[in-house]
Structure formats: C-alpha cells, structure tokens
Amino acid sequence: MQQPIDKELLKKYLKDSCSPAELQQVRAYLLRPGTREILHDLITSDSQEEWEQQTNTTLIPDDQMREWQAKFELRKTAQTTLLDQSETSRSFRGPRFLKYAAVWIPLILGVGIYAFSRLKDSPSTSAPAIATLVMKEFSTVKGQRAKITLADGTLVYMGPASTLKYPEQFSDSTRVIALKGEAFFEVAHNPQKPFIIHTQNIRTQVLGTSFKVNAIKGRPFEVQVATGKVRVDRVNPGQTEHLAVLTPGQQVTLSSLNSTAILGQVAVQDVRGWKNSKLVFKDQSIGEIAGQLERAYDVQFSFKNAAKAREIVTVTLQDNIPLNQTLRVLSAGAQFKYSIKGKNIIIN
C-alpha cells in the first residue's frame with residue numbers, strides 16, 4: 001500500500017529541506033495521478049505567504065522582488081515538468097523511470113538556475129524596459145522654486161538650483177527618478193510600484209509617503225521624513241549597504257556620500273514647512289545659512305570677519321519674502337550688520 005503523505009512534508013520538499021528518506025517518499029507520491037492540483041496550490045500559497053510576510057515588515061527592493069518571482073516560477077516549472085512526465089509516460093513508473101528522473105530533474109533545475117543567474121546578473125534587468133521610457137528633465141535656477149506633478153500623481157516641490165530627471169510614464173514595476181539639489185516629495189501610494197530616488201550612490205525608496213531630500217553638492221546629504229516610511233541604501237558596484245529605515249520625525253545625515261550615516265530627530269512641522277518656503281536652521285553656522293540664502297535669492301555673501309561666518313545660531317527664516325526682510329531677521333538673531341550692493345551682501 002502507498003504510504004500516506006501530508007502537506008507539511010510537501011512544503012518541506014518545496015523548501016529543499018527533506019531528508020533522503022522523505023525525498024524518496026515525496027517523489028514516489030508525485031508519480032500518482034491527481035497530485036498536480038495539490039502541489040500547485042502549495043506552490044502558490046507558499047509564494048504568497050512569503051511575499052506577505054516580507055512586505056509587512058520592510059520595503060522590498062525591486063531586484064529582490066524579481067528574484068522571488070523567478071524563484072517561484074522556477075520551482076513551479078520544475079514540479080510541473082515532473083508531473084507531466086508522470087502523466088504522459090506511465091509505462092516508466094518502475095526503477096527505470098526513477099533512473100531517468102534522477103538525471104533529468106537536476107538538469108532541468110540546473111538550466112533554470114543558470115537562466116535565473118543570467119537574468120539577475122544582466123545589467124539590463126536592473127531597469128526593465130528603461131530604453132523604451134521617454135525621460136524628461138526639469139531644473140530650477142537660483143532664486144526659483146517649482147512644483148511639478150509626475151505621471152503617477154506624485155507631487156515634487158523643488159528647491160532652488162535643483163534638477164529632477166524622471167520618465168514621462170513610469171514602468172510597470174517601479175517608479176525611478178534622479179535628483180540633484182533638494183526637493184520635498186508627496187509620493188502617490190502604490191505598494192506594487194516602489195518609488196525610488198537616485199542621488200549618485202544613494203538610493204531612497206518608499207511606497208507612499210512625504211519626505212524631503214537634501215542632495216546639494218558640497219553639503220551633507222539628508223533625508224527627513226514627515227509621513228510614512230522611507231528606506232535609504234548606499235549602492236556601490238556589487239554591493240548594497242543598508243543605511244536606515246526612517247519613520248515620521250526621523251532623519252539620516254551623511255557628511256559625504258561615503259561617510260557613516262548619522263540618525264537623528266527632526267520636527268515633522270519643520271519638514272513639511274520647507275515646501276512652503278520655511279527655512280529652519282538649528283545650531284548651524286552663519287556661513288551655512290548664507291549659503292542657503294545664496295541659492296534662495298541668487299545673491300553672493302561675503303564676510304569681512306571670517307570668525308563671524310563660523311558662529312553658530314538657531315533661526316527660522318522664509319525665502320518667499322524680500323531679501324532685506326530676511327536679512328533683518330537674521331542679523332537681529334545673529335547680531336551683525338550688513339550692507340547690500342546689487343547682488344552682493346557684505347556682512348561686517
């Protein structure tokens with residue numbers, strides 16, 4: 001009599017965790033008629049369960065999702081091939097069939113694994129159909145802000161002297177853009193299509209949230225989160241380094257793109273306020289503040305006393321009001337005098 005078999009043993013077989021005796025028992029079971037539907041249901045439910053467990057705990061990179069899909073398709077193909085052979089070649093049920101099965105099943109799996117390895121290693125698969133995407137570029141100049149809407153409904157509030165590269169229409173699997181400068185994002189929620197921002201070797205990934213990215217050349221890189229969850233990674237050839245998963249009121253800072261990530265706290269209202277021209281400076285030098293105002297107003301600051309530029313202050317400014325009003329607020333808080341000559345501001 002055929003030894004009974006349960007679904008837990010089949011699950012062990014699908015996960016390649018059977019003992020030799022269990023493996024022999026499962027293979028014999030798979031030769032029986034009517035096992036195709038049971039195994040197919042297990043493969044489907046197994047892949048769905050793993051997907052749900054992972055997506056409920058973390059944000060999934062697009063290359064990881066493709067790897068899972070390939071793995072489950074490979075597993076399904078191998079099992080279907082075995083069942084097809086058992087149904088169309090019933091005269092080979094004895095030892096002779098098992099002899100050939102022992103040769104062909106590893107060969108089928110080997111070919112599948114080789115094909116998947118080529119898929120994973122191929123540069124073209126890291127950005128599927130990217131060659132067919134129509135790319136657009138939008139830039140602001142010093143003294144200019146802008147708000148643009150992407151194809152998925154995502155809103156991007158761009159700061160001065162910033163550049164955004166994005167597709168006219170996103171691909172079927174991901175939403176990928178590139179940023180230079182600074183911007184606040186209100187990302188349209190879509191769990192099936194992660195939203196990814198590339199800034200040189202830093203990758204910021206979300207599903208649907210609002211946050212600010214500061215990627216101004218010569219200044220520390222920052223990601224600040226107002227709502228939702230954001231994942232930040234450093235991507236170098238052959239290596240991806242996880243830096244942080246941020247929730248509302250958290251930020252990550254890198255003094256340079258290859259430096260150690262520093263986690264910190266930030267007021268959510270300050271992050272949101274930036275898109276409305278609110279500039280919050282906490283324990284920053286007057287020189288750093290002047291640099292931000294140069295971008296906001298398209299002016300040039302100079303200091304008669306270099307020590308003044310290094311003084312640390314905390315102040316909140318607006319860059320959507322006349323420059324002289326902003327300077328009056330800053331000079332009162334930092335206690336300095338200034339003069340304006342055209343686009344040049346001299347701080348005494």
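Student: In which helix does Y297 lie?
Tutor: This is a predicted model. Follow the chain to Y297, and the element there is helix α7.

Student: Is Y297 buried or exposed?
Tutor: The relative accessibility of Y297 is 16%. Buried means under 20%. Y297 therefore counts as buried.

Student: How far apart are the C-alpha atoms of Y297 and N320?
Tutor: Along the chain, Y297 and N320 are 23 residues apart.

Student: Where is V187, and is V187 buried or exposed?
Tutor: V187 has its place in the loop between β5 (175-186) and β6 (195-199). Its relative accessible area is 8%. The cut-off for buried is under 20%, so V187 is buried.

Student: What is the C-alpha to C-alpha distance between V187 and G153?
Tutor: In sequence, 34 residues separate V187 and G153. In space, C-alpha to C-alpha, V187 and G153 are 7.6 Å apart.

Student: How many aromatic pairs does a search of the whole structure find?
Tutor: The search covers the whole structure. Its count of aromatic pairs is 5.

Student: Why is the pair of F336 and Y338 edge-to-face?
Tutor: The ring centres of F336 and Y338 are 6.4 Å apart. Rings pair if their centres lie within 6.5 Å, and planes over 60 degrees apart count as edge-to-face. The planes of F336 and Y338 are at 70°, so the pair is edge-to-face.

Student: Which residues form one aromatic cluster?
Tutor: The cluster has these members: F170, F185, F195 and F211.

Student: What charged groups lie over the ring of W274, and how far from its centre?
Tutor: The charged end of R145 sits over the W274 ring, 4.3 Å from its centre. K212 also lies over the face of W274. For K212, the distance to the ring centre is 5.0 Å.

Student: How much space lies in the second largest pocket, and which residues lie nearest its centre?
Tutor: The space in this pocket is about 610 Å³. Its lining has 25 residues. Those nearest its centre are R219, E222, Q224, V280 and Q284.

Student: Which element gives the most to the lining of the second largest pocket?
Tutor: Several elements each supply at least two lining residues, including β8 (210-215), β9 (221-227) and α6 (268-274). With 7 residues, the element that gives the most is β14.

Student: Why does the second largest pocket lie between domain 1 and domain 2?
Tutor: Domain 1 (134-272) gives residues to the lining. Domain 2 (277-347) does too. The pocket therefore lies between domain 1 and domain 2.

Student: What is phi of D283 near?
Tutor: D283 lies in strand β14. D283 is exposed, with a relative accessible area of 59%. Most residues other than glycine have a negative phi. In D283 phi is positive, near 55°.

Student: What is phi of Q335 near?
Tutor: Q335 has its place in the loop between α9 (323-334) and β17 (338-341). Q335 is exposed, at 66% relative accessible area. Its phi is also a positive value in a residue other than glycine, near 60°.

Definitions and conventions. Residues numbered from 1 in each chain as written. Predicted model: local features only at pLDDT ≥ 70, side-chain atom pairs only at ≥ 80, totals over all residues. Heavy atoms only, no water. Phe/Tyr/Trp six-rings, centres within 6.5 Å; stacked < 30°, edge-to-face > 60°. Lys NZ or Arg CZ within 6 Å of the ring centre and 35° of its normal. 1 Å grid on protein atoms, 1.4 Å probe; cavity = no way out; pocket = protein on both sides within 12 Å on 5 of 7 lines; lining within 4 Å. Points joined across faces, edges and corners; volume = space filled by probe spheres on them. Helix = DSSP H or I, 4+ residues; strand = E, 2+ residues; numbered from the N terminus. Domains from an automatic or database assignment. Buried < 20%, exposed > 50% of the residue type's maximum accessible area, 1.4 Å probe, protein only.
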